[in-house]
Every structure is written in C-alpha cells, then in structure tokens.
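Here are some friendly notes to read alongside the model. I have kept them as numbered points, each on one topic.

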Amino acid sequence: MNLLANVFSLNYNKKDFLIKNLDFSIISVYSHRNDMVNDTVKWNYNWNGEKAIGLYGEPILSVFGAQQGAPTMNHQKLNIFNTRAGLTYNISKNHKILANGMFYTVDRNDKDEMLARIDS
C-alpha cells in the first residue's frame with residue numbers, strides 16, 4: 001500500500017465570544033489522501049514468507065485469487081472534512097449550558113485497474 005496525505009487543521013477558541021461568559025471553540029480538519037492498494041499475488045504464504053505447500057508438494061492458491069480477496073490494483077482518492085464547534089455559556093461557577101455540533105463528509109473515488117481489465 002502506498003499512501004500520500006495532506007492534512008490541514010484549524011483550532012480556534014474565544015472566551016467571552018459575543019457576550020460575557022459565552023465561550024466558542026471550533027476544530028476543523030481537512031485531509032486529501034491518495035492511496036494505492038496492490039494485491040495481485042495468487043499464492044498463499046506461510047509465516048516465513050515462503051509459498052505454502054499442500055499435502056502433495058504443490059503451492060496452495062488463494063481461494064479468491066489474491067491475498068485479501070479478489071485481485072486488485074486500486075487507486076483511491078479521498079477528501080475528508082470534519083469540523084466540530086461548541087458554545088458554552090457559564091451561568092455561574094458550577095453551572096453551564098453547552099451546545100455542540102459536528103459535520104463530517106467523505107468524498108472517495110476508486111479506480112481499480114484490475115476491474116478495468118476484466119470489463120474490457
């Protein structure tokens with residue numbers, strides 16, 4: 001698996017935001033990732049990294065054609081955005097009111113070169 005990621009974050013806190021005793025905080029994270037998952041090996045391997053051998057001396061094939069399932073050469077592009085914001089109003093030393101919200105979105109695009117070969 002190859003991975004390239006760019007991650008940007010913003011943290012902001014403000015006491016007495018619009019009025020006295022009202023605090024505001026926000027945490028936002030955006031990441032752009034490019035992944036490559038390459039799984040095309042059809043043989044099973046033992047813990048020593050050698051091909052697993054069956055009872056009659058022949059190498060054992062994986063059930064689905066690759067180590068983790070069907071063969072794949074999958075390029076993934078992911079854009080992930082997550083933000084959390086909160087307001088806290090301090091009524092007194094021991095009492096406060098909280099309001100929090102969260103937004104999360106993922107945009108994922110996969111292109112599997114092995115599927116393109118099967119489809120054509």
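This is a predicted model: local features need pLDDT of at least 70, side-chain atom pairs count only at pLDDT 80 or more; totals for chains, interfaces and linings use all residues.

1. The term stands for a side-chain nitrogen of Lys or Arg within 4 Å of a carboxyl oxygen of Asp or Glu.

2. Residues are numbered from 1 along each chain as its sequence is written, and side-chain values use heavy atoms, with hydrogens and water left out.

3. On confidence, pLDDT is the predictor's confidence in each residue, from 0 to 100. The protein averages 91, and 94% of the residues score at least 70. Confidence is highest in strand 4 (residues 95–112), with a mean of 96, and lowest in helix 1 (residues 113–119), with a mean of 70. Helices (H or I, at least four residues) and strands (E, at least two) are DSSP runs, numbered from the N terminus.

4. How many salt bridges does the structure hold? There are three. Besides the one in point 1, Asp35 pairs with Arg33, with the closest N and O atoms 2.9 Å apart. Asp35 sits in strand 2 (residues 22–39) and is buried at 5% relative accessibility, while Arg33 is partly exposed at 29%. Asp110 and Arg108 also form a salt bridge, again with 2.9 Å between the closest N and O atoms. Asp110 is partly exposed at 42%, and Arg108 is partly exposed at 45%.

5. Now the aromatic side chains, where the whole structure has three aromatic pairs. Rings of Phe, Tyr and Trp (its six-membered ring) pair if their centres lie within 6.5 Å; planes under 30 degrees apart count as stacked, over 60 as edge-to-face and the rest as tilted. Tyr12 and Phe24 have ring centres 6.4 Å apart and planes at 55°, so this pair is tilted. Because Tyr12 belongs to strand 1 (residues 2–14) and Phe24 to strand 2, the pair ties together parts 12 residues apart in sequence. Tyr12 is partly exposed, at 40%. A further tilted pair joins Phe81 and Phe103, at 6.2 Å centre to centre and 55° between the planes. Phe81 is in strand 3 (residues 72–92) and Phe103 in strand 4, so the pair ties together parts 22 residues apart in sequence. Tyr12, Phe17 and Phe24 form one aromatic cluster.

6. Please also look at the loop between strand 1 and strand 2, which contains Asp16 and Asn21. Most residues other than glycine have a negative phi. Asp16, however, has a positive phi of about 50°, and phi of Asn21 is near 75°. Asp16 is partly exposed at 39% relative accessibility, and Asn21 is partly exposed at 29%.

7. Ile19 lies in the loop between strand 1 and strand 2 and is partly exposed at 48% relative accessibility. Leu18, Ile19, Tyr89, Ile91 and Ile97 form a nonpolar surface patch, with about 510 Å² of accessible area together. Patches are made of residues with over 30% relative accessible area and no salt bridge: like charges are joined within 9 Å, nonpolar side chains (Val, Leu, Ile, Met, Phe, Trp, Tyr) within 5 Å.

Definitions and conventions: Buried means under 20% relative accessible area, exposed over 50%, partly exposed in between (1.4 Å probe, protein chains only). Accessible areas come from the Shrake-Rupley method with a 1.4 Å probe; for residues, only the protein chains shown count as cover.
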